Amino acid sequence: MNQLPQFNELGEPSEQNNPVPLVIILLIASLVVWGAMYIFNVSLYIEDKVSARAVNYGTVQQEPASAPAPAPAKETPAASPSGGGEGAGGAVTANGKSVYAGKCAACHQATGKGLPGVFPPLDGSQWVTTDNIDIPLQIVLHGIKGSIMVNGTKYSGSMPAFASSLSDNEAAAVVNYIRTSWSNKASEATLADAKQARDARSSTFAGGDDINSAFGTALK
């Protein structure tokens with residue numbers, strides 16, 4: 001009689017209920033508490049540092065405000081017979097070249113040659129080198145509006161008056177600069193000359209003819 005083969009079948013797997021060891025639970029709880037305390041302490045540290053920097057920054061920003069303000073620069077007096085204290089004995093102490101660069105060079109150029117047909121030259125000009133020092137001083141201080149002949153060429157336009165922006169010291173210095181620069185070799189003005197030229201008139205010259213008429217000259 002034949003016997004049927006027998007099969008040994010394994011039982012269905014079942015999930016066992018194994019509780020987490022108490023040691024593991026305590027360890028995890030300790031780590032959570034430690035982490036929370038660490039984050040809290042770090043937050044306090046950062047907050048203290050930020051507050052300290054804010055206080056220091058505020059202190060730095062307030063220092064300039066608490067410092068005494070510098071005294072304003074003393075302005076140069078406009079004019080006086082002795083030059084308003086601008087140099088012992090009324091000596092001309094301003095830098096005429098610097099005044100020329102700031103007030104005159106844009107039109108008359110650094111070379112003193114001017115711009116042909118637009119701005120007259122100062123180099124070799126009778127209006128600059130004339131023996132009457134009052135003429136170039138008054139031209140600088142009071143300006144010209146109209147036509148003027150310079151070295152045989154007629155120029156029409158206007159030159160601003162610098163009486164309000166130049167002191168006697170600066171006016172004398174720039175006139176001395178143009179009278180002794182390039183090919184010009186003329187005498188120099190004093191502070192007293194500049195003061196006299198300032199007080200001589202208050203209006204702008206109406207061209208070269210007006211200047212010649214005022215001084216009895218025939219410059220061109």
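Visitor: What does Gly114 touch, not counting residues up to four places away in sequence?
Guide: Gly114 meets Cys107, His108, Gln109, Phe119, Pro120 and Pro121, where a contact means heavy atoms within 4.5 Å. This is a predicted model: local features need pLDDT of at least 70 and side-chain atom pairs count only at pLDDT 80 or more, while totals for chains, interfaces and linings use all residues. Residues are numbered from 1 along each chain as its sequence is written, and side-chain values use heavy atoms, with hydrogens and water left out.

Visitor: Where does Gly114 lie, and is Gly114 buried or exposed?
Guide: Gly114 sits in the loop between helix H3 (105-108) and H4; helices (H or I, at least four residues) and strands (E, at least two) are DSSP runs, numbered from the N terminus. Its relative accessible area is 8%. Buried means under 20%, exposed over 50% and partly exposed in between (1.4 Å probe, protein chains only), so Gly114 is buried. Cys104 is ten residues from Gly114 in sequence, and their C-alpha atoms are 9.8 Å apart in space.

Visitor: How many helices and strands does the protein chain have?
Guide: There are eight helices and two strands, in the order α-α-α-α-α-β-β-α-α-α from the N terminus on. Of the 220 residues in the protein chain, 30% are buried. Among the contacts with a separation of 6 or more, 66% join residues 24 or more positions apart.

Visitor: What pLDDT does the protein chain average?
Guide: The average is 80, with 69% of the residues scoring at least 70; pLDDT is the predictor's confidence in each residue, from 0 to 100.

Visitor: What makes helix H5 (residues 134-142) count as mostly covered?
Guide: Nine of its nine residues are buried, including Asp134, Gln138 and His142. The buried residues of H5 pack against helix H4 (126-129), strand E1 (144-150), strand E2 (153-159), H6, H7 and H8. Just after H5 comes Gly143, with a positive phi of about 80 degrees.

Visitor: How do H2 and H6 lie to each other, and why?
Guide: The axes of helix H2 (residues 96-103) and helix H6 (residues 168-180) come within 8 Å and cross at roughly 90 degrees. Axes are lines fitted to C-alpha atoms, for helices over the stretch in contact, with angles from 0 to 180 degrees between N-to-C directions. Under 35 degrees counts as roughly parallel, over 145 as roughly antiparallel, 65 to 115 as roughly perpendicular and the rest as oblique; H2 and H6 are therefore roughly perpendicular. Gly96, Lys97, Val99 and Tyr100 of H2 make the contact with Glu170, Ala173, Val174, Tyr177 and Ile178 of H6.

Visitor: At what angle do H6 and H7 pack?
Guide: The angle is about 105 degrees, with the axes 8 Å apart. That makes H6 roughly perpendicular to H7. Here Asp168, Asn169 and Ala172 in H6 meet Leu191, Ala194, Lys195 and Arg198 in H7.

Visitor: How many aromatic pairs does a search of the whole structure find?
Guide: Four.

Visitor: What kind of pair do Tyr177 and Trp182 form, and why?
Guide: Rings of Phe, Tyr and Trp (its six-membered ring) pair if their centres lie within 6.5 Å; planes under 30 degrees apart count as stacked, over 60 as edge-to-face and the rest as tilted. The rings of Tyr177 and Trp182 have centres 5.8 Å apart and planes at 75 degrees, so the pair is edge-to-face. Tyr177 is buried at 18% relative accessibility, whereas Trp182 is partly exposed at 25%.

Visitor: Why is the pair of Phe205 and Phe215 not called edge-to-face?
Guide: The planes of Phe205 and Phe215 are at 45 degrees, with ring centres 6.4 Å apart, so this pair is tilted. Phe205 lies in the loop between helix H7 (191-200) and helix H8 (208-215) and Phe215 in H8, so the pair ties together parts ten residues apart in sequence. Phe205 is buried, with a relative accessible area of 0%.
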